[in-house]
Amino acid sequence: MTLHLRKFLTVVVQATLVLACTTMGSVWAQQQPATPPAGPTLYARIGGYDFVARFVDTAFPRVASHPQLHRLFQGHSQDSLMRQRQLIVDALCQAFGGPCLYIGRPMKPLHTGLKITSADWTTFVGILSSTLDELKVPSTERQEFLNTLERRFKVDVIDTL
Ligand code: HEM
């Protein structure tokens with residue numbers, strides 16, 4: 001290979017690397033919020049992973065055994081319920097700004113067909129709300145917690161078909 005050809009190839013490789021890095025950098029930048037929220041996340045303020053797990057372990061059995069809702073949770077093995085429990089912990093942890101990644105099925109198809117009504121949602125929120133009170137979550141965080149669920153999940157959970 002001549003010296004000229006080798007120099008030419010080196011320049012081409014360098015230019016390709018620069019272009020690839022710039023493109024990846026701009027894709028990454030687009031995925032970040034324009035202005036990161038100031039101060040600690042809701043996740044950090046309510047007590048992190050330990051709190052989210054404790055909350056789900058307290059509220060989930062109450063949701064599953066509530067007279068209005070228990071029809072939805074019949075016929076699930078203990079193993080399936082434990083799997084659901086873990087996925088719910090992951091989804092909430094992520095929604096509150098924690099370092100978790102929800103890798104379960106997308107929320108909409110997962111709940112579609114279960115015929116969950118807005119009255120079911122209201123009962124569900126009532127159970128969550130009293131659990132937050134019981135676990136002594138301060139009112140600002142309590143409200144932010146419930147608003148996040150409303151904003152992030154309600155539309156995907158209620159059956160609109
Ligand atoms: C904050 C709102 C909610 C979140 C984040 C959520 C999240 C989840 C997750 C992660 C799963 C397990 C996914 C899987 O097995 O692949 C699940 C399953 C399920 N959820 Fe929800 N859910 C919410 C609200 C509700 C409500 C209000 C109800 C009914 C009252 C409900 C009923 C169910 C049922 C019955 C399953 C089992 C579905 C199946 O195995 O096919 N969910 N949910």
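**A close look at one residue**

Tutor: Cys 100 is placed in the loop that joins helix 4 to helix 5; helices (H or I, at least four residues) and strands (E, at least two) are DSSP runs, numbered from the N terminus. The model is a predicted one, in which local features need pLDDT of at least 70, side-chain atom pairs count only at pLDDT 80 or more, and totals for chains, interfaces and linings use all residues. Residue numbers start from 1 along each chain as its sequence is written.

Cys 100 counts as partly exposed because 17 other C-beta atoms lie within 10 Å of its own; with C-beta atoms placed from the backbone, 20 or more such atoms make a residue buried, 12 or fewer make it exposed, and values in between make it partly exposed. Leaving aside residues up to four places away in sequence, Cys 100 touches Asp 90, Cys 93 and Gln 94, where contact requires C-beta atoms, placed from the backbone, to lie within 7 Å. Helix 4 comprises residues 78-95.

Cys 93 and Val 89 lead on to the packing of helix 3 with helix 4. In that contact, Tyr 49, Val 52, Ala 53, Val 56 and Phe 60 of helix 3 meet Arg 85, Ile 88, Val 89, Leu 92 and Cys 93 of helix 4. By class, the contact has 9 nonpolar residues, no polar ones and 1 charged residue; Ala, Val, Leu, Ile, Met, Phe, Trp, Tyr, Cys and Pro count as nonpolar, Asp, Glu, Lys and Arg as charged, and the others, Gly among them, as polar. The axes of helix 3 and helix 4 are 10 Å apart and form an angle of about 130°, where axes are lines fitted to C-alpha atoms, for helices over the stretch in contact, and angles run from 0 to 180 degrees between N-to-C directions. The two helices are therefore oblique to each other, since angles under 35 degrees count as roughly parallel, over 145 as roughly antiparallel, 65 to 115 as roughly perpendicular and the rest as oblique.

Helix 3 spans residues 48-65 and includes Val 63. Val 63 is buried because 20 other C-beta atoms lie within 10 Å. Apart from residues up to four places away in sequence, Val 63 touches Leu 69, Phe 124 and Ile 127. Its C-alpha atom is 8.5 Å from that of Leu 128, a residue 65 places away along the chain. His 70, in the loop between helix 3 and helix 4, counts as exposed, because it has 11 C-beta neighbours inside 10 Å.

The shell has 20 residues in total, and the closest are Leu 72, Gln 84, Leu 87, Phe 124 and Phe 153; a residue is near a molecule if its C-beta atom, placed from the backbone, lies within 6 Å of it. Of the shell residues, 14 are nonpolar, 3 polar and 3 charged. Phe 124, one of the closest to the ligand, is also a contact of Val 63.

Leu 128 belongs to a further helix pair: in helix 6, Trp 121, Val 125, Leu 128, Ser 129 and Leu 132 meet Arg 142, Phe 145, Leu 146, Lys 154 and Val 157 of helix 7. The axes of helix 6 and helix 7 lie 11 Å apart at an angle of about 155°, and the two helices are therefore roughly antiparallel.

For the chain as a whole, there are 7 helices and 0 strands. Of its 161 residues, 11% count as buried. Among contacts between residues at least 6 apart in sequence, 78% join residues at least 24 apart.

How values were computed
Contact = placed C-beta atoms within 7 Å.
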